[in-house]
Amino acid sequence: MNLLKHKINIIFALLIGCLQGITSQTNEYKLWYDQPAQVWTEALPLGNGRLGAMVYGNPAIEQIQLNEETIWAGSPNSNANPEALLYIPKVRELVFAGKYLEAQDLATEKVMSNTNSGMPYQTFGDLRIAFPGHSSYTNYYRDLNLDSACATVQYKVDGVTFNREIFTSFTEQVIIVRLTASKQKQITFNAQLTSPQQDVFINSEGNEVTLSGVTPTHERQKGKIKFNGRLTAKTKGGKLICKDGILSVEKADEVILYVSIATNFNKYDDIQGDEVVRAKNYLDNAILVDYHHAKKSHIDFFSKYMQRSSLDLGPNISKETTDKRIEHFAETNDAHLVATYYKFGRYLLICSSQPGGQAANLQGIWNDKMFPSWDSKYTTNINLEMNYWPAEVTNLSELSEPLLRLTKEVSETGKETAKIMYGVDGWVLHHNTDIWRITGPVDRAASGMWTSGGAWLCSMLWEHYLYTGDKEFLKSVYPTMKESAIFFDKIMVKEPDHNWLVVCPSNSPENTHAGSNGKATTAGGVTMDNELISNLWNIIIESSKILQTDTDFANHLKNRLTEMAPFQIGHWGQLQEWMFDWDNPEDIHRHVSHLWGLFPGNQISPYRTPELFDAARTSLIHRGDPSTGWSMGWKVCLWARLLDGDHAYKLITDQLSLVRNEPKHGGTYPNLFDAHPPFQIDGNFGCTAGIAEMLMQSYDGFIYLLPSLPGIWENGEVKGLVARGGFEMDIKWSNGKVEKVTIHSRNGGNCRLRSLNTLKGKGLRKAKGANKNSFFVVPENTKPLINENAKLNPVILKDTYLYDLKTEKGGTYIITPNP
């Protein structure tokens, strides 16, 4: 009998092990392929915040394209145009006279920067490794593991299995490549560093290959970033020779390659660092660390971020490669691919934005060109901010530090620009900046004549406070926000038609209007400016209460708010984009700037402002769904706020449409990069934030559980989402209803929940009155102006239940359905 029990226990243990193995495989999150990358958007991205690598995985000649986050053209500079002080009033007069194209042309000639339009972010070059005889290979496989931030390549040549393992070490600050084979003495190659940079010098120093250079002059701004790259190897067996800039290995059993890159950049106004000393120190320290220890340290560092949040929408039942899964998504509704996309978005932020480093730019840190599209700068009329939409809500708050520091830095350079161009105190940021923190307007006035970049960045400072509850942080950034508020208080003027206080000249980002017969964007009093500035001034008013300071200034802003233009609903029921009823129902422009108040703002609500809610929905319907990649990411967020999960999911389907080469529509490249096209990383981040917004929202005075759950996600679980007020939420659902909620209260205070089904839990009670938790403050309702011909639709909301839960700091609370 005992023997029989023993056998049964063994069989049972084996079955459990098998089931666990199956579960592990089906819930594994990775990108994988059965052939090498042929183009850059098929290569796999690695990064440690400072260094970026794109792995192609070619057996015969491995190419790993390399970036270092501070390799930019140019040098410290200011691009403010002194002529603007004289000509901005003249541009404004033309706008108020209805001469919009003339105003725009004058602004292009006399207000835009007359020095440069910002500097391009540039590639370092490539690590290329040539393996003789490896062109004829079989059994090919490559992947990027989203749980370890490691890439692997595997294939067979003449019966020998070759393996490559690559990661950009967070802890050692180098790129590490491990080469192994199933038989001894099989690893033979030549490795070298190459670069498209013109002013470079390649050399050999002992067992190291070095590549040194300086970035180029661009638009008459001299290049002064000095960079130094170094390559070396540790071998087991075989022979290593380093000569003439080539690292050669013959018949080794195992090789570990190390690549170090550094620059002389310290800060936007300081480039006195020693790039050679830095690169040597990184390399010398890294090679002393055992490979397996280095890998474990790297994974542990990465995991402390990645493991905070997860999304489970069911097992992976697909056996297709990742590019095929994207290609077939519209037919398969591959829920596991959506969860993978969510994880990949968080992966990209972890790998491109680490505390102390540079903010993620238009391509994160990944760029293979000398002159990438839009210079891969920081575009502040949507794209930079979108990069950080997932940071707070998906539990990566520390990773917003580079953005918060960038905001502080442009507030410093923007003070000079405000004085030079506008003759006022405070600070200004137009629609672009770069590593040198330029704040003058760039390009042409059609896009560049926009002053509200600072107001948007200040909203990100405020959001960081709302999520963390860090009062000391709020105190430290209050002067930055106040100076931005002062700038707008000084430059805004009364327009002649309604006597409203407006920003002029400006534009509704990059969209032409009917007032100019579609020939100009330049206007005054556009809705997005009104949203951003009223939001900023309300932030100052709230901050003054919290910090008990500047009461007089706060009261002044309260009075100024009453002078601003209200929201307006136009003749076809749309939320007006401009001060005048110019909106074209056939307009499908990629920017939906006038909907800022719906997302990421909190000025439009189904409960507080139903008329605006309906008008915003009408506008978005007419704007259409398919667009550039980042625009569709924004629309996922907007439809989530409109409480239409199925429509938000439809936009995810549009986003997850396969893009190869450069077609005329947005979507997703084979390596899951967002396709504008070309590649822009903001689309990845926008869609990731949108997925989170479908599952939880906290902008409207409460935490809404599963507000926009699409019907196709009947069962699932999300862990580690963070709501304003510092409530960390784990939400499990079945049959579309909440099954279990676990709340971790970081700051304590009232936790107000809205749910589509009744709930129960210790201390949970029906909500009464306004939410007394100050982190859930909402704007005061303002009555919109509604065109007499507008036909508004009733806002019909699902029945919900509102609860309050008094929480203690550090407490954990379990909420379940109440049948």
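Arginine 178 and glutamate 254 form a salt bridge (a side-chain nitrogen of Lys or Arg within 4 Å of a carboxyl oxygen of Asp or Glu), with the closest N and O atoms 3.2 Å apart. This pair links distant parts of the chain, since arginine 178 belongs to strand β9 (residues 175-181) and glutamate 254 to strand β16 (residues 254-263), 76 residues apart. Strands (E, at least two residues) and helices (H or I, at least four) are DSSP runs, numbered from the N terminus. The model is predicted, and local features need pLDDT of at least 70, side-chain atom pairs count only at pLDDT 80 or more, and totals for chains, interfaces and linings use all residues. Residues are numbered from 1 along each chain as its sequence is written, and side-chain values use heavy atoms, with hydrogens and water left out.

Arginine 178 is buried at a relative accessible area of 19%, and glutamate 254 is buried at 12%; buried denotes under 20% relative accessible area, exposed over 50%, and partly exposed the range in between (1.4 Å probe, protein chains only). The structure holds 43 salt bridges. In another of them, glutamate 563 pairs with lysine 494, the closest N and O atoms being 3.3 Å apart. Glutamate 563 lies in the loop between α16 (551-561) and β24 (568-569), whereas lysine 494 lies in strand β20 (residues 493-494), 69 residues apart. Both partners count as partly exposed, glutamate 563 at 24% relative accessibility and lysine 494 at 36%.

For the salt bridge between aspartate 700 and arginine 608, the closest N and O atoms are 2.7 Å apart. Aspartate 700 is in the loop between β27 (696-697) and β28 (703-705) and arginine 608 in the loop between β24 and α17 (610-623), so the pair ties together parts 92 residues apart in sequence. Both residues are buried. Salt bridges with shared partners also join Lys267, Asp269, Lys408 and Glu412 into one network.

Strand β12 (residues 208-214) is largely enclosed by the rest of the structure, because five of its seven residues are buried. Strands are taken to pair if DSSP finds at least two bridges between them. Strand β11 (residues 200-205) pairs with β12 in the antiparallel sense over six bridges, and isoleucine 202 has leucine 211 in β12 as its bridge partner. Two residues separate the strands of this hairpin, in which glycine 206 takes a positive phi near 65°. β12 also pairs with strand β13 (residues 226-236), antiparallel over six bridges; there, the bridge partner of glycine 213 is phenylalanine 227.
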